[in-house]
Structure formats: structure tokens, C-alpha cells
Amino acid sequence: MPSSVVAHMIYNADTLTLRIIFVSGMIYDYKGVPETVYLAMKSSGSKGTYLNKYVKGHYSFEKIK
């Protein structure tokens with residue numbers, strides 16, 4: 001299901017980094033994210049809701065763009 005907030009997600013299992021590319025063009029890297037969290041978000045009906053509930057505020061992040 002397409003998201004109105006999240007344009008694309010990229011997960012690096014080696015570094016446990018979840019890169020979120022927003023529809024607005026902003027890019028954030030969330031650090032220390034377990035693969036199970038990424039897979040759950042990937043299969044979630046609402047990527048934005050999942051991101052807000054289970055990722056934001058739970059993992060450190062770096063704004064890339």
C-alpha cells in the first residue's frame with residue numbers, strides 16, 4: 001500500500017540503519033533499528049502511523065537531507 005508520508009524505505013542489516021525518504025524529500029537515518037521493526041513497518045497498512053508509534057522517539061536519528 002502506498003504511503004502519503006513515506007516515499008521509500010531502505011534497511012541496512014549490517015548497520016541496523018533504517019533510512020526513511022519522505023514524500024516531502026526529507027531523508028532520515030534511524031540507528032539501531034532491529035530488522036523485525038523494519039519488516040513490521042514494511043508490512044504495515046500505514047507506514048506513517050507505524051513510524052510515529054514504533055520508530056520516532058525510540059531510536060536515535062540523523063537528518064540526511
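Mentor: Welcome! Local features in this predicted model need pLDDT of at least 70, side-chain atom pairs count only at pLDDT 80 or more, and totals for chains, interfaces and linings use all residues. Residues are numbered from 1 along each chain as its sequence is written, and side-chain values use heavy atoms, leaving out hydrogens and water.

Trainee: What makes β1 and β2 a pair?

Mentor: Two strands pair if DSSP finds at least two bridges between them. Six bridges join β1 to β2 (residues 17-22), so the pair meets that definition. Asn12 stands opposite Thr17, and Val6 has Phe22 as its bridge partner.

Trainee: Why are β1 and β4 said to stand at the edges?

Mentor: The open sheet has the order β1-β2-β3-β4, with antiparallel pairing. β1 (6-12) and β4 (61-63) each have a single partner strand, so one side of each lacks a neighbour in the sheet. Strands here are DSSP runs (E, at least two residues), and helices are runs of H or I with at least four, numbered from the N terminus.

Trainee: What makes α1 a helix that touches the sheet?

Mentor: Helix α1 covers residues 35-43 and touches β1 and β2, where contact means heavy atoms within 4.5 Å.

Technical notes
Axes are lines fitted to C-alpha atoms, for helices over the stretch in contact, and angles run from 0 to 180 degrees between N-to-C directions.
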